[in-house]
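Here is a short report on one protein chain.

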Amino acid sequence: MPELILPVYSSRQCFNHCAFCTIPGATGGCYRKMPISRVFEIMCRLNEKYGTRVFSFVDETFEGKRMEQLADEINASGKTFFWHGETRFSPTLSTDVFNKIYQSGCRQIQFGLESYNQRVLDLMKKNTRVDWIDRNIHDCLNAGIPVHLFFLIGFPTETKEEALNTLAYTENVLNYSKQVCGVPYSTRGFTNFGLVMGSDVWNHPDKYGVSVMPKSQYEDLRLEVDYVSGTGLTLNEAKSLSDEHHIDFYMQEVINGSDTIDLPQRLHISEVTWILDSIHAVRYKGHLTKVKRRLTSLNPADRIWLDSKTSVVLVEPFAYFYNSEYHHVYAVSQLVYLKLARLLEADCSISLILDQGDLELTRAIEELLHYGLLNTNIDADYVMHDNGFQLVKSSFVKEVGRSKEGLRVLLSCATHRMCAVNDYSFALLSLFEKPITKNELRDILKKEGLSANEEQLNKLVDNCMKADILQLIR
């Protein structure tokens, strides 16, 4: 753990009774809360005893008003604390409140979104309005606080169109957070609806139009039960839709369908990682693009070495490089890896690598340097635009499906970034198999008598650079 994070309770239980949740029935008693002055006192004691500045509020629901009170305590004290917690959408949360909370060190708020459809929210007994959701997320992100959105797919009677509406909304939120607000640490977490014993749906299935399936003799301790829904998505349809949109589903493409690779850390970025990143990031450089260097452009005397946070896992026939800081992964053949390992042991220089005359090895090293898996003592270049640079398609890109609009979804297996392009743009990307400038691309299209709208071409290049589908190369 790079920094100590300690859990803190400010309340127990939850004051809402959502239809899918077992917390009110399973924990017993009633919602009770500790005075915020006492909560702040506990944080100060933990800080004095363990030196921690980062706190994770593990309340089932950290009320917005109580978050504001905590912010007042921290801001008045002058303490440098950082914290995060889970709350509900509320009409009482305002721009001023979120600004105050950010000033006090809040670096993530988790919201139980569950659905972006008012009909479904009402059926869930969420006591939430869609307009509260829009306003709270907008104000939270503009205050600089990343959000994490929890939601479910396939709540009884939910249609595929409603589920896709929630998925599309959360995708838009993450894009807005990163591209408009400069907050790259917003995330989402979702799964298909699970019918759990003790929830209101389980207690009153008829109200929700479901039939509970009997458990087998081997499932007597299983709390989640199978069900049949009279309308909307079936259980299997909900699972399938969840899988199709989940990042772990795409990550299977990284490792060629194998689920047996034991990487040092999960490829899926952890909650702790996002929070620490949001605390320590000085400035988000989302509008800048990293330039990939050819080895021939570097100083021949410069040396390369394995980044201290990079691990290598050998799974025949590949060697997988994984960086736990950047969460980048890259695969090379084990033959190339063995050649590289010998050079690294010899504390090799750029000139020694080039002297090998091994094009495959050279290209692999350039990629590993680009993704921060190998290091050299030349600082990375970041540029605002692609003017004057050649562009090349990343060698670690896969098409992983189509969006609901019929666009092709492309995944950079190294950085886990994705973008969607239409069929014509997808065909244009084949012209980037070898390094080419945008002016050279225009000349080729003109020679072939193909039209290329300048605005659309720029948009294609920009989107593909942001997703690391296209790389700038020097």
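## Cores, sheet and a buried threonine

The largest nonpolar core of this predicted model holds 51 residues. Leu70, Trp83 and Ile153 have the most contacts inside it. Another core, of 33 residues, lies apart from the largest one. Its members include Ala319, Tyr330, Leu369 and Leu411. In soluble globular proteins, nonpolar side chains tend to be buried together.

Ile153 has a list of partners beyond four places in sequence. Among them are Phe190, Phe193, Leu233 and Leu241.

Three strands make an open sheet, ordered S15-S16-S17, with antiparallel pairing. S15 and S17 are the edge strands, each with a single partner strand, so one side of each has no neighbour in the sheet. On average, neighbouring strands are turned by 20° against each other, direction ignored.

| Strand | Residues |
|---|---|
| S15 | residues 310-315 |
| S16 | residues 318-323 |
| S17 | residues 328-333 |

Six bridges join S16 to S17. Phe321 stands opposite Tyr330 in S17. Helix H12 (residues 334-345) packs on this sheet and touches S15, S16 and S17. The direction of H12 makes about 100° with that of S17.

Is Thr362 buried or exposed? Thr362 sits in helix H14, residues 359-370. Its relative accessibility is 9%, so Thr362 counts as buried, the cut-off being under 20%. Leaving aside neighbours within four places in sequence, Thr362 contacts Leu295, Ile353 and Leu354.

Conventions
Residues are numbered from 1 along each chain as its sequence is written. This is a predicted model: local features need pLDDT of at least 70, side-chain atom pairs count only at pLDDT 80 or more; totals for chains, interfaces and linings use all residues. Side-chain values use heavy atoms; hydrogens and water are left out. A nonpolar core is a set of buried Ala, Val, Leu, Ile, Met, Phe, Trp, Tyr and Cys residues joined through side-chain atoms within 4.5 Å. Buried means under 20% relative accessible area, exposed over 50%, partly exposed in between (1.4 Å probe, protein chains only). Contact means heavy atoms within 4.5 Å. Two strands pair if DSSP finds at least two bridges between them. Helices (H or I, at least four residues) and strands (E, at least two) are DSSP runs, numbered from the N terminus. Axes are lines fitted to C-alpha atoms, for helices over the stretch in contact, and angles run from 0 to 180 degrees between N-to-C directions.
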